[in-house]
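Reader: I have a structure open here and would like to talk it through with you. Could you take my questions as they come?

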Amino acid sequence: MVPAASQDHPTLTMTGSAAPGDGTAGDGVAWPAPEPAGSGAPPAAHQPADLPGTDSGGAPLPGHEAGQESGAGQEAGSGVRLDRPDEPDEYPLQAPDPRLAAGAAAPADPALLCVACRAGRVDSDGYCENCGHAQPRERDHVERESGPVAAVSDRGLRHHRNEDAFAVGHTTLPDGTPVALAVVCDGVSSATRPDDASLAASQAAGDTLLAALPRGTHPQQAMHEAIVAAAQAVNALAEEPATAREHTPHQNAPACTIVGAVVTSGLLVVGWVGDSRAYWVPTDRSTPPARLTEDDSWAAQMVAAGLMSEAEAYADERAHAITGWLGADAYELEPHTASFKPDRPGAVVVCTDGLWNYAETAEEMSEVVPPDAAVRPLHGARVLVGHALDGGGHDNVTVAVLPFPAPPQGAGSA
């Protein structure tokens, strides 16, 4: 089901003073104000670290057992599909090269050597024929810059593939005001093709934002539309032939989480479904940082209901069971969006739980974000990925860093 309009459109100030959705970006650009929720009254202003949390279904993914970790955190044997073809019983012998019989030299075979043992040849499946080590794939480590925004994604140290994906971009509003954006998605490992789901969602959301913002669409409405487009892209992956489902009837449809951020010269907008997060880290570290999103997860529900403290909930083995996701097996799509008007410069960190598991609170995240992250976002993203890998790298890790306010066109990492 595609929602007609988002129902959670608070405009929040970073200092706690009320500024409910007044329809301005603070940079001279006027947009139509997003529709208020519920009765029509503007939503109350909140501290950015105290966003009200809602879920997008109220139940974990089909096939999730209590205690299983969602997102890209499943180990082999707990629902992960290892996309490696079965080994054949017999290998057909290749016919001899007629040029060899005539005395001609055999054509050179540019064989790839294993990065682990440096002796074995890499087969067509990407594994070493000598030691069996899986070779790096294209998505194992990805870095990208787009103007003032940058992102890094890494497979981590425990997973056989990277099921995260991201999109970054920058453009201008109709009046020429610069705007930067980032979208990060985490494939749900208990579902089929989680890597395809995250890639499709991030590309669809990024393309939607890059198309909508230059037309003058309010960034918060553009974020809502981007999440809807991402959901439709993931849903389309499940539209496979009936014969394919006959062979894998036990598998869930492709699924992923999503979180995105849009920054202009005066407005910061975030949107999400699932448990990937966005954080605000001011340049002046004497002022407080904030977490800008609220997880769609079992732990968040327990905290919101007052049944557990945050520390107790996230220490529980059920903490990472998600209650909202993108995919054909999801319940009614419920994108969350919120906008903020920071009164000082800083950096926005958009990430999967592969990072925030090692820097969960806003204060912990602020401690590991480099002081110059706003002016060197690629360096900042690399440092944060390194922090997760140094902590154990138990999950795929993806981080995007955006400076606030969005700098003029042409600015980027130093």
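Reader: Which residues of β5 lie on one side and which on the other, and are they buried or exposed?
Author: Bearing in mind that this is a predicted model, P178, A180, A182, V184 and D186 on one side of β5 are all buried, and so are V179, L181, V183, C185 and G187 on the other, which leaves both faces covered. Since 10 of the 10 residues of this strand, which spans residues 178–187, are buried, β5 is largely enclosed by the rest of the structure.

Reader: Which strands pair with β5, and in what sense?
Author: Strand β4, covering residues 164–172, pairs with β5 in the antiparallel sense over nine bridges, and strand β6, covering residues 255–263, pairs with β5 in the antiparallel sense as well, over eight bridges.

Reader: What about the hairpin of β4 and β5, how many residues are between the strands?
Author: There are five residues between the strands of that hairpin, and among them G176 takes a positive phi near 95 degrees.

Reader: Changing topic, what is the strand order in the open sheet?
Author: The open sheet is formed by six strands in the order β2-β3-β13-β12-β8-β9, with antiparallel pairing. As a general point, strands of a sheet pair through backbone hydrogen bonds, in either a parallel or an antiparallel arrangement.

Reader: And which strands stand at the edges?
Author: Those are β2, residues 141–146, and β9, residues 290–291; each has a single partner strand, so one side of each is left without a neighbour in the sheet. For β2, six bridges join the strand to β3, residues 149–154, and the two run antiparallel. Within that pairing, E143 has V152 in β3 as its bridge partner.

Reader: On to the side chains, how many aromatic pairs are there?
Author: The count comes to three aromatic pairs. One of them is W280 with F404, whose ring centres are 5.9 Å apart and whose planes are at 75 degrees, so this pair is edge-to-face. The pair links distant parts of the chain, with W280 in strand β8 (residues 277–282) and F404 in strand β13 (residues 397–404), 124 residues apart.

Reader: Are W280 and F404 buried or exposed?
Author: W280 counts as buried because its relative accessibility is 2%, and F404, at 4% relative accessibility, counts as buried too.

Reader: What geometry do W325 and Y331 have?
Author: W325 and Y331 form an edge-to-face aromatic pair, with 6.2 Å centre to centre and 70 degrees between the planes. W325 counts as buried, at 3% relative accessibility, whereas Y331, at 47%, counts as partly exposed.

Reader: Where does the charged end of R277 sit?
Author: The charged end of R277 sits over the ring of W356, at 3.4 Å from the centre of that ring.

Reader: To finish, how many helices and strands are there in the protein, and how much of it is buried?
Author: The protein has nine helices and 13 strands, and buried residues make up 50% of its 414 residues. Its accessible surface comes to about 18000 Å², of which 53% belongs to carbon and sulfur atoms. As for contacts between residues at least 6 apart in sequence, 71% of them join residues at least 24 apart.

Technical notes. Residues are numbered from 1 along each chain as its sequence is written. This is a predicted model: local features need pLDDT of at least 70, side-chain atom pairs count only at pLDDT 80 or more; totals for chains, interfaces and linings use all residues. Side-chain values use heavy atoms; hydrogens and water are left out. Rings of Phe, Tyr and Trp (its six-membered ring) pair if their centres lie within 6.5 Å; planes under 30 degrees apart count as stacked, over 60 as edge-to-face and the rest as tilted. Helices (H or I, at least four residues) and strands (E, at least two) are DSSP runs, numbered from the N terminus. Buried means under 20% relative accessible area, exposed over 50%, partly exposed in between (1.4 Å probe, protein chains only). A charge sits over a ring if NZ of Lys or CZ of Arg is within 6 Å of the ring centre and within 35 degrees of the ring normal. Two strands pair if DSSP finds at least two bridges between them. Contact means heavy atoms within 4.5 Å. Accessible areas come from the Shrake-Rupley method with a 1.4 Å probe; for residues, only the protein chains shown count as cover.
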